[in-house]
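I open this notebook to keep track of what I look up, one entry at a time. The sequence and the structure come first, and my entries follow.

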Amino acid sequence: MNEHVKNAEILPLNDPTRKYPKPPYKKQAQSWPGLACKMDPPPDHGETSYRGSGRLLGRKALITGGDSGMGRAAAIAYAREGADVAINYFPSEEEDAQDVVRLIKDAGRVGLALPGDLRDEAFCGRLVENALRGLGGLDIIVSNAGRQQARESILDISSEDFDATMKTNIYAPFWILKAALPHLRPGAVIIATTSEQAYDPSPQLYDYAQTKAATMNYVKSLAKQLGPKGIRVNGVAPGPIWTPLQVSGGTTMDRLERFGGHTPLGRAGQPAELASIYVQLAADDASYATGQVYGAAGGSGQP
């Protein structure tokens, strides 16, 4: 037996149905886009649990929506795997963002805070420039930031709401990837956060769900386009995950109370439970994975 394995700590089995809090969850509301530090119970992004093993040593990553949710989980994991990380976030999320930057620096890596509104094309260009300058290059782009506002009827969605969701979820990745692509070398990776909503849309998420279907589609299209250049493109499709998206208008109070209870695991997922997927898709040993969408939905949804 390998000496390292023989002396390694034995990890106990964890029952996934009991690993995290189950519904009913406390009814709570925040103004969009919400703060993870104000949620009850607080989400787990892997702050105390994620252990790195050098899988991304020397990589340079830009993560949008890196202050909370899956973006935060990816930022923590990437730093502990050896990557320098720049996170983008909405300016009102500064409190969460500074926690993430501190965790990145605690891992001994460069951590950059780059606040701004992704609905602005000019800002998206500056974001890429600042990340390139601050990190000294880019190897990984995680397009994770998203806007989700539940509306019971299409008649309740204003043109301004629709436009804001489209610009955040579809236009921003387009602008960011166009700006970054000339700087990406063979071996670089692009990872998009799509959703089970791309495959099984909820009636109250008419606009959000179609943006996630578009995200799933551009992953597959762009993977074909960039494959010959040696750049991989993949997606992550979460199910019901406990993030500020839900408490800041992403679902109704009644649905929030039961959030994730319909899944076979009987609970909402936590961002930490997806961190290893973002790491795997970014790591060099996943070099034959491109155009793929990896799901994590507690047994519900697709893929």
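How many of the eight residues of H9 are buried? I find that six of the eight are, so H9 is largely enclosed by the rest of the structure; I take buried to mean under 20% relative accessible area, with a 1.4 Å probe and protein chains only. Before going on I note that this is a predicted model, in which local features need pLDDT of at least 70 and side-chain atom pairs count only at pLDDT 80 or more, while totals for chains, interfaces and linings use all residues. Residues are numbered from 1 along each chain as its sequence is written, and side-chain values use heavy atoms, with hydrogens and water left out.

**Entry on H9.** I list Ala275, Ile277, Tyr278, Val279, Leu281 and Ala282 as the buried residues of H9. They pack against H2, S4, S5, strand S6 (232-238) and strand S7 (293-296); helices here are DSSP runs of H or I with at least four residues, strands are runs of E with at least two, and both are numbered from the N terminus.

**Entry on H2 and H9.** I looked up how helix H2 (residues 69-80) meets helix H9 (residues 275-282), and their axes, 8 Å apart, pack at an angle of about 60 degrees; axes are lines fitted to C-alpha atoms over the stretch in contact, and angles run from 0 to 180 degrees between N-to-C directions. On the H2 side the contact (heavy atoms within 4.5 Å) is made by Met70, Ala73, Ala74, Ala77 and Tyr78, and on the H9 side by Ala275, Tyr278, Val279 and Ala282.

**Entry on H2 and H3.** I then turned to helix H3 (residues 94-106), whose axis comes within 9 Å of that of H2 and crosses it at roughly 15 degrees. Arg72, Ala75, Ile76, Ala79 and Arg80 of H2 meet Asp96, Asp99, Val100, Leu103 and Ile104 of H3, and by class this contact has six nonpolar, no polar and four charged residues.

**Entry on S4.** In strand S4 (residues 140-143) I see Ile140 and Val142 pointing one way and Ile141 and Ser143 the other way, and all are buried. Strand S1 (residues 60-64) pairs with S4 in the parallel sense over three bridges, pairing requiring at least two DSSP bridges, and Ala61 stands opposite Ile140. Four bridges join S4 to strand S5 (residues 189-193), also in parallel, with Ile141 opposite Ile190.

Terms used
Buried < 20%, exposed > 50% of the residue type's maximum accessible area, 1.4 Å probe, protein only. Nonpolar A, V, L, I, M, F, W, Y, C, P; charged D, E, K, R; others polar.
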